Amino acid sequence: MLDSLLRRLEGKRQTVIELQRRLVAVPALGPDNEGQGEWAKAQLTKAMLAEMGLGVDKDMHAPDSRVPDGLRPNFTCVIPGKDRSKTLWVISHLDIVPPGDLSLWEGDPYVLRVEGDQLYGRGTEDNNQAAVSSLILAQSILEERLTPPINLGMLFVADEETASKFGLEYVIKQYADYFHPGDLFLVPDFGGPDSSMMEVAEKSIFWLKITVFGKQCHASTPEQGNNTLVAASDLVLRIRELYNIFDARDEMFNPPFSTFEPTKKEANVENVNTVPGKDVFYVDCRVLPCYPLAQVMDKIRELGRQVEAKYGVRIEYQDVQREDAAPPTSPESEVVTRLAAAIRRIYDVEPKPTGIGGGTVAAVLRRAGHPAVVWSTLNHNAHQPNEHSSITFTIGDAKVMAAMLWPEG
């Protein structure tokens with residue numbers, strides 16, 4: 001059965017192109033990205049499912065008064081299996097990011113451009129590729145008149161690009177009973193071109209705004225003020241000491257250590273001959289799960305007190321984003337072992353359980369007690385000008401999903 005399904009998928013090149021062409025044409029930008037939301041793209045996706053002979057199993061739309069329809073769309077489509085108590089969920093997000101500077105694009109970002117194996121357009125990789133892989137798999141299962149051993153569930157969600165409050169987070173909170181403890185969750189939204197990277201863990205994320213208050217004065221009489229740029233610069237260098245303080249390593253992650261990087265710096269004074277009395281800068285920390293973020297913050301405050309005493313300044317701290325790491329997915333969990341076996345079979349590479357510094361929606365699932373794995377075969381050019389995805393990767397990933405459904409072949 002699996003072999004016939006894989007052969008069917010190999011003939012889906014033109015279907016991939018046409019599905020992508022229709023999806024790319026709908027700019028599904030959320031209101032935080034100055035868009036109208038994902039409703040039109042959700043309706044298009046439902047129409048595609050209907051054309052294949054499939055319907056919606058459940059709508060889980062999140063209210064949002066900022067969009068014309070008042071709703072952010074989340075919905076499922078399920079192909080029943082022989083064992084209906086367990087579902088392989090493939091989760092795709094409908095929203096995209098803005099195209100950015102249009103002069104950097106070789107064509108209209110919302111008109112699909114086909115060049116050999118590559119499909120160019122905003123959203124082709126992030127996250128249309130995942131959606132199309134699941135759609136062609138569902139279509140092929142129906143065409144082969146197969147009943148999978150377990151359910152195939154496709155979950156399409158909104159708001160992934162802007163924190164998932166109206167997307168997967170809403171779904172898991174409001175419809176917790178819809179999912180079962182034995183369900184398998186695959187999020188095809190991260191990976192590399194060699195297919196080997198399986199994301200099973202994430203670092204804690206901590207973005208911190210630091211404001212240094214001193215006293216402005218003329219630069220020719222600096223003794224009359226408190227130079228906040230000097231004090232802020234000292235604190236920046238002290239924060240770099242966190243690398244040596246929180247120095248644990250975990251080779252599952254890349255990089256295998258916590259990172260503490262001062263990043264954005266706001267403008268202070270406009271003219272050269274003024275000593276600034278206020279400076280603002282930001283720090284991006286990606287911290288291994290073994291360190292609570294409260295412990296990191298305590299150390300930053302301690303370093304700040306040293307700077308305050310040395311320069312006579314006052315320092316304030318404000319969390320921009322603070323999220324302790326979700327529990328990791330065990331490499332021995334069923335969803336990971338099924339995925340690993342399927343990757344070996346389809347791509348003939350050795351998969352590697354990996355931890356990352358960025359955040360994904362898998363954290364929402366893990367916090368709710370659902371083991372989840374993030375994996376896909378990607379060009380890895382999401383959010384860039386001339387974003388593109390591979391037809392070969394799209395079909396190959398659909399084959400992997402098929403092999404997860406039929407692990408015995």
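1. Start with Thr377. This is a predicted model, and in it Thr377 is in contact with Gln129, Gly192, Pro193, Ser195, Tyr347, Phe393 and Asp397, leaving aside neighbours within four places in sequence. Thr377 sits in the loop between β18 (372-374) and β19. Is Thr377 buried or exposed? Thr377 counts as buried because its relative accessibility is 0%, and the cut-off for buried is under 20%.

2. Two of those partners deserve a further look. The side chains of Thr377 and Tyr347 are joined by a polar contact of 3.4 Å. Ser195 is 182 residues away from Thr377 along the chain, yet their C-alpha atoms are separated by 4.8 Å.

3. β19 belongs to an open sheet of three strands. The order is β6-β7-β19, and the pairing is antiparallel. Which strands stand at the edges? They are β6 (113-115) and β19 (388-390). Each has a single partner strand, so one side of each is left without a neighbour in the sheet. On average, neighbouring strands here are turned by 25 degrees against each other, direction ignored.

4. Now the pairing within that sheet. Three bridges link β7 and β19 in the antiparallel sense. Tyr120 has His388 in β19 as its bridge partner.

5. Two helices pack against these strands. α4 lies across β7 and β19 and runs at about 35 degrees to β19. α11 also packs on the sheet, where it touches β7 and β19. The direction of α11 makes about 55 degrees with that of β19.

6. α11 has a helix partner as well. The axes of α2 (residues 13-24) and α11 (residues 391-405) come within 10 Å. They cross at roughly 105 degrees. The two helices are therefore roughly perpendicular to each other; the range for that term is 65 to 115 degrees. On the α2 side, the contact is made by Arg13, Val16 and Ile17. On the α11 side, the residues are Ile391, Thr394 and Ile395. What is the make-up of this contact? Four of its residues are nonpolar, one is polar and one is charged.

7. Arg122 is worth checking by eye. Arg122 lies in the loop between β7 (118-120) and α4 (124-143). Arg122 counts as buried because its relative accessible area is 2%, against a cut-off of under 20%. What does its side chain reach? The side chain of Arg122 comes to 3.3 Å from the backbone oxygen of Val97. The side chain of Arg122 also makes a polar contact of 2.7 Å with the side chain of Glu387.

8. Beyond its neighbours within four places in sequence, Arg122 is in contact with Val24, Ile96, Val97, Pro98, Pro99, Trp105, Pro109, Tyr110, His383, Gln384 and Glu387.

9. There is also an open sheet of four strands. Its order is β13-β15-β11-β16, with antiparallel pairing. The edge strands are β13 (259-265) and β16 (314-323), and each pairs on one side only. Neighbouring strands of this sheet are turned by 25 degrees against each other on average, direction ignored.

10. Look at the β11 and β16 pair. β11 (residues 204-213) pairs with β16 in the antiparallel sense over nine bridges. Thr211 stands opposite Glu316 in β16.

11. Helices pack on this sheet too. α6 (residues 228-239) touches β11, β13, β15 (278-287) and β16. Its direction makes about 10 degrees with that of β15. α8 (residues 293-311) touches β11, β13, β15 and β16. The direction of α8 makes about 160 degrees with that of β16.

12. Last, β5. How many of the eleven residues of β5 (83-93) are buried? Eight are, and the strand is mostly covered. β5 runs parallel to β8 (residues 150-157), and eight bridges join them. In that pairing, His93 stands opposite Val157 in β8. β5 also pairs with β9 (residues 184-187) in the parallel sense, over three bridges. There, Val90 has Leu186 in β9 as its bridge partner.

Note on methods. Residues numbered from 1 in each chain as written. Predicted model: local features only at pLDDT ≥ 70, side-chain atom pairs only at ≥ 80, totals over all residues. Heavy atoms only, no water. Buried < 20%, exposed > 50% of the residue type's maximum accessible area, 1.4 Å probe, protein only. Polar contact = N/O pair within 3.5 Å; in protein donor to acceptor, adjacent residues only side chain to side chain. Contact = heavy atoms within 4.5 Å. Axes fitted to C-alpha atoms, helices over the stretch in contact; angles between N-to-C directions. Parallel < 35°, antiparallel > 145°, perpendicular 65-115°, else oblique. Nonpolar A, V, L, I, M, F, W, Y, C, P; charged D, E, K, R; others polar. Pairing = 2+ DSSP bridges.
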